[in-house]
Amino acid sequence: MGPEGKKLLNIIILGFGFMFMFTAFQTCGNIEQTVIKSFNSTEFHGSGYTSMAIIYGVFSASNLVAPSVVTVIGPQVSMFLSGLLYSGYIAMFIHPFTWSFYTASVLVGIAAAVLWTAQGNVLTINSTDRTIGRNSGIFWSLLQFSLFFGNLYIYLAWQGHERISDMDRRTVFISLTVISLVGCFLFFLIRKPDPEASSRSEATESLLQTDSADACKISVTKEMLLLSVSIGYTGLELTFYSGVYGTCIGAMTRFGSDAKSLIGLSGICIGIGEILGGGVFGMLNKNKRFGRNPVVLLGLITHFVAFFLIFLNIASDAPLAPEGGTDLKAFITPSVGVALFCSFLLGLGDSCFNTQLLSIIGFTFPDNSAPAFAVFKFIQSIMAAVAFFYSNFLLLHWQLLILVIVGFLGSVTFFVAEWVTESRRRDSDYDSI
């Protein structure tokens, strides 16, 4: 196998490793608040929303030290050890204690920063300027397939269950732990690529030795300040579709005995929207004729339609309902079809925002992409932590109102950032004539 073939194989293995790990972790995040409500043990007093807030808060702070960790122990070992911590978090649900729950949340936050820094390094050293787009697309697609398999398992395993028994919980989380561990060990199949030209090595070193001063400088530029509102919105809606909405569906007793299994089906619909949007709008980035604004506008409209339908379809106390669920209804007779359609719209809209943010950040900061994306992850993680925190006590309609306001402001500031970026590009092109 030639050098290019080895690199492509490394990317595919990387994608499958993340697919297995996040099949387990994303499924865990989607169901954990529902599962916690069903614990029979009176000694456990944890909250899934608080746990995720801790994870994303620690994730943000750990971005400052993650590059140094990866530099010292290498990307392969970094991903394996981080994966073990992810697996430990999932395994904790087999026999949970409050102290182990929140301790594992802190450790996963640290692991997440190291894992994604190492992933970026592996992607970089196995790509060239010509293949980076293709390899990113392969990795993205394999990662998003993680939304299918775990949620499909939940749908089939919990079908007809009105409550989650201890046996149901143990069976699910033992299975998810094994799946996560498979992903961890897949990372050892990645082989170091043949030495390349110095430009690629320099890019790798730049990625791992990100200067925090550069990140601070980028964070206060006009473009990043404008984009920060959009980035913050992606953190808020990440929380909503990955944790809150599934809990709402599972709490709707008016959906019948299949309400709990519908959490899995909702995750599958979100995945379909993510994969469809990521593929279509990722390819549209190649056509600069219409720019990024129409795709962001489509994402905003898609999300607003979803939020309005959710407001009509889901009871306002669903995020905070006890194990028995809520018997309240919103403004229409609750519909499973509408609920799942909203799941698809949430995934589709999320892909609209994320593909265009990645595109404009890479375009605006081509010489400082590593610190720019570090700022992106920092802002997104902080806002996700804030959203998971307020999800502990805000009713659904207030959460939707926050999403609508921040989504609108984020779209407007994105439009302005796109205009500023394109104006500078035109000025640069004019000066070069």
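Visitor: In which helix does Ser-175 lie?

Guide: Ser-175 lies in helix 8, which covers residues 166-186; helices here are DSSP runs of H or I with at least four residues, strands are runs of E with at least two, and both are numbered from the N terminus. The model is a predicted one, in which local features need pLDDT of at least 70 and side-chain atom pairs count only at pLDDT 80 or more, while totals for chains, interfaces and linings use all residues. Residues are numbered from 1 along each chain as its sequence is written, and side-chain values use heavy atoms, with hydrogens and water left out.

Visitor: Why is Ser-175 called partly exposed?

Guide: The term buried means under 20% relative accessible area, exposed means over 50%, and partly exposed is what falls in between, with a 1.4 Å probe and protein chains only. Ser-175 has a relative accessibility of 27%, so it counts as partly exposed. The C-alpha atom of Ser-175 is separated by 9.6 Å from that of Gly-150, 25 residues apart along the chain.

Visitor: What is the relative accessible area of Val-178, and how is Val-178 classed?

Guide: Val-178, also in helix 8, has a relative accessible area of 48% and is therefore classed as partly exposed.

Visitor: What makes the contact of Arg-169 and Asp-166 a salt bridge?

Guide: A salt bridge requires a side-chain nitrogen of Lys or Arg within 4 Å of a carboxyl oxygen of Asp or Glu, and the side chains of Arg-169 and Asp-166 meet at 2.9 Å, N to O. Both residues lie in helix 8, three residues apart, which is about one turn of the helix. Arg-169, at 5% relative accessibility, counts as buried, whereas Asp-166, with a relative accessible area of 22%, is partly exposed.

Visitor: How many salt bridges does the structure hold?

Guide: The structure holds two salt bridges, and one of them joins the side chains of Glu-418 and Arg-292 at 2.7 Å, N to O. Glu-418 lies in helix 16 and Arg-292 in the loop between helix 12 (262-284) and helix 13 (293-313), so this pair ties together parts that are 126 residues apart in sequence. Both Glu-418 and Arg-292 are buried.

Visitor: Where does helix 1 bend, and by how much?

Guide: Helix 1 bends by about 50° at Ile-31, the bend at a residue being the angle between axes fitted to the seven residues ending there and the seven starting there.

Visitor: Why is Leu-357 called buried?

Guide: Leu-357, in helix 14 (residues 336-364), has a relative accessible area of 0%, and it is therefore buried. Contact means heavy atoms within 4.5 Å, and, not counting residues up to four places away in sequence, Leu-357 touches Leu-227, Ser-230, Ile-231, Thr-234, Phe-376 and Phe-414.

Visitor: Which residues is Ala-417 in contact with, leaving aside its neighbours within four places in sequence?

Guide: Ala-417, found in helix 16, is in contact with Glu-223, Leu-226, Leu-227 and Ile-360. Its relative accessible area is 0%, so Ala-417 is buried.

Visitor: Of the residues of the protein chain, what share counts as buried?

Guide: Of its 433 residues, 53% count as buried, and the secondary structure of the chain comes to 16 helices and zero strands.
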